[in-house]
Amino acid sequence: MTTEQILIVAGVLFVLLNIAAGLIWVERRMLALWQDRLGPNRAGPLGILIVLADTLKLFFKEDWIPPFADKWVFILAPAIVVASVLMSFVIIPFAPGIVVADLNIGILFFLAMSSMGVYSIVLGGWASNNKYALLGAMRGASQMIAYEVFMGLSLMGVVMLTGSFNLGDIVAAQKNWWFVVTQPVGFVIFFIAGIAETHRLPFDIPEAESELIAGYHAEYSGMKFGMFFIGEYLGITLISAMIVTLFFGGWLGPAFLPPLAWFAIKLFFFIGLFILLRASLPRPRYDQLIAYGWKIILPIVLANLLITGAVALWLRDH
Amino acid sequence: MSTLFYLSSTIAIASTILVITRYHPVHALLYLAVSFLAVGMIFLSLGAPFVAALEIIVYAGAIIVLFIFVVMMLNLGKDTAQQEKEWLKPKVWLVPSALVLVLLVEMIILLFTDSDQPLKVSVVDPRRLALSLYGEYIIAVELTGFLLMAGIVGAAHIGKHMHTPLHRFLQNGEGKKEKPKPLRPVESLKNEQTVLHDQ
């Protein structure tokens with residue numbers, strides 16, 4: 001491992017954790033803006049120090065493990081969510097040369113890590129030994145397993161057109177056309193599946209405050225709850241980064257800005273979209289979400305795969 | 001590479017032993033997940049990254065989660081652990097352990113007599129794997145497809161049930177496939193209306 005690689009790892013980690021913490025402020029201000037309120041505006045300029053206040057509060061809260069909980073699994077669960085999401089960032093090319101590990105199974109590694117993320121919800125809900133938490137875990141598990149399938153299938157169109165699982169190759173293949181032009185269906189389905197995978201509103205049925213108190217993390221407090229919280233924001237950043245890399249040309253862009261700046265602009269656009277979705281859409285029912293996935297999205301994504309494959313073969317032969 | 005291989009093999013064996021000896025089913029399943037991750041790591045260290053990723057996505061990421069999902073719903077508590085404890089008495093262990101011990105001794109002897117062959121690592125990229133799966137081994141892939149299809153049809157058959165809405169407002173509306181038939185005579189409905197009027 002060279003010094004450069006260590007610097008990249010440290011830099012990526014530093015920037016990501018700061019983005020995740022900063023999103024607390026961004027989200028609350030944006031939601032307030034769209035709901036005709038002011039939002040947090042007291043601590044520091046524009047209220048940005050709310051991030052610091054929130055973090056300090058989480059650190060000093062009592063970190064309580066319920067006596068009826070399964071202690072070790074209870075402690076393990078919040079660590080899994082942050083670890084699995086941070087591991088996924090390993091494969092993302094932020095700019096030419098700025099990538100932690102240029103794996104030739106890039107997309108598969110991302111899918112593997114996102115499937116590890118299910119454990120945090122299932123184990124958190126189960127170890128809490130609480131009815132609401134268990135209901136949340138049950139919903140979370142079925143939602144995430146179902147939408148993982150569509151997420152994987154929606155990416156295969158991109159893989160077919162590129163002929164590689166490597167994210168660097170995928171970015172390079174978008175020199176002429178972004179894949180959102182050639183794979184619009186894949187993009188829409190990946191976006192929907194991404195929201196479901198990060199269990200953000202409108203698909204936040206595993207935690208659904210109005211039905212399940214806080215769902216799978218109802219029993220968590222202090223920094224363990226903070227881990228779930230940060231994990232969610234890291235998840236949004238991850239899905240946005242994947243959308244940018246796979247469908248919107250990654251760091252490609254006109255030359256007047258450096259590649260990293262293009263990546264950041266596109267990334268923040270999609271993070272903003274995630275927050276806007278939270279502000280504007282109602283939550284579907286649990287059975288509606290699952291039925292919608294298997295009865296509508298699955299046939300569409302399979303048809304997309306078939307047509308993409310046929311066109312790719314035809315283009316190769318002509 | 002061979003250090004990584006031996007390290008992850010040790011983890012795989014240790015966690016698999018823990019799967020068998022844990023009394024609590026969810027803890028056992030967690031060790032099984034660790035075991036699958038270790039097996040994925042073994043594949044990676046032997047130069048099969050594609051198989052490693054699939055091992056993690058399919059086994060650790062989907063199948064074990066489904067197992068935990070089911071076990072979670074069964075609400076197994078201390079009683080089950082107690083029952084397991086009674087089933088797994090030392091007497092039960094004796095014969096299987098003796099048999100496995102013989103195998104272990106055999107393996108150790110083999111390792112030390114035939115050790116001049118080094119661990120051969122050749123990286124197989126996804127493209128080559130795909131070409132051999134859909135070229136040379138196409139019949140095996142198709143047969144697996146048949147097997148999975150049979151499984152899906154069976155599951156669909158077992159899971160199928162007539163949807164009978166319990167709420168009277170829904171009985172003629174959504175989710176009703178067969179011919180709607182009145183669940184109770186019209187007389188009783190009339191009576192209900194009169195009761196309502198009385199209030």
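**Domains of chain B.** I looked up the separation of the two domains of chain B: the C-alpha centres of domain 1 and domain 2 lie 24 Å apart. Domain 1 of chain B covers 1-85 and domain 2 covers 124-156; such bounds come from an automatic or database domain assignment.

**Ground rules.** I am working with a predicted model, where local features need pLDDT of at least 70, side-chain atom pairs count only at pLDDT 80 or more, and totals for chains, interfaces and linings use all residues. Residues are numbered from 1 along each chain as its sequence is written, while chains are lettered from A and ligands numbered from 1 in the order in which they are written.

**Chain B overall.** I found 8 helices and 0 strands in chain B. Both are DSSP runs numbered from the N terminus (helices H or I, at least four residues; strands E, at least two). The order from the N terminus is α-α-α-α-α-α-α-α. Of the 199 residues in chain B, 16% are buried. A residue is buried with 20 or more other C-beta atoms within 10 Å of its own, exposed with 12 or fewer, partly exposed in between; C-beta atoms are placed from the backbone. I then checked contacts (C-beta atoms, placed from the backbone, within 7 Å). Among contacts in chain B between residues at least 6 apart in sequence, 55% join residues at least 24 apart.

**Ala28(B).** I placed this residue in helix H2 (residues 25-45) of chain B. Ala28(B) counts as partly exposed because it has 17 C-beta neighbours inside 10 Å. Leaving aside neighbours within four places in sequence, I see Ala28(B) in contact with Val19(B) and Arg22(B). Ile158(B) is 130 residues from Ala28(B) in sequence and 28 Å away in space, C-alpha to C-alpha.

**Chain A against chain B.** I count 18 residues of chain A in contact with 17 residues of chain B. On the chain A side, helices H4 (106-116), H5 (118-127) and H6 (131-162) each give two or more residues. H4(A) supplies the largest share, 6 residues. By class, this side has 16 nonpolar, 2 polar and no charged residues. Nonpolar means Ala, Val, Leu, Ile, Met, Phe, Trp, Tyr, Cys and Pro; charged means Asp, Glu, Lys and Arg; the others, Gly among them, are polar.

**H1(A) on H2(A).** Helices H1 (residues 3-34) and H2 (residues 50-60) of chain A pack at about 115°, axes 9 Å apart. That angle makes H1(A) roughly perpendicular to H2(A) (65 to 115 degrees). I noted Ala21(A), Gly22(A), Ile24(A) and Trp25(A) of H1(A) meeting Ile50(A), Val51(A), Asp54(A) and Thr55(A) of H2(A). This contact has 5 nonpolar, 2 polar and 1 charged residues.

Definitions and conventions
Two residues are in contact if their C-beta atoms, placed from the backbone, lie within 7 Å. Axes are lines fitted to C-alpha atoms, for helices over the stretch in contact, and angles run from 0 to 180 degrees between N-to-C directions. Angles under 35 degrees count as roughly parallel, over 145 as roughly antiparallel, 65 to 115 as roughly perpendicular and the rest as oblique.
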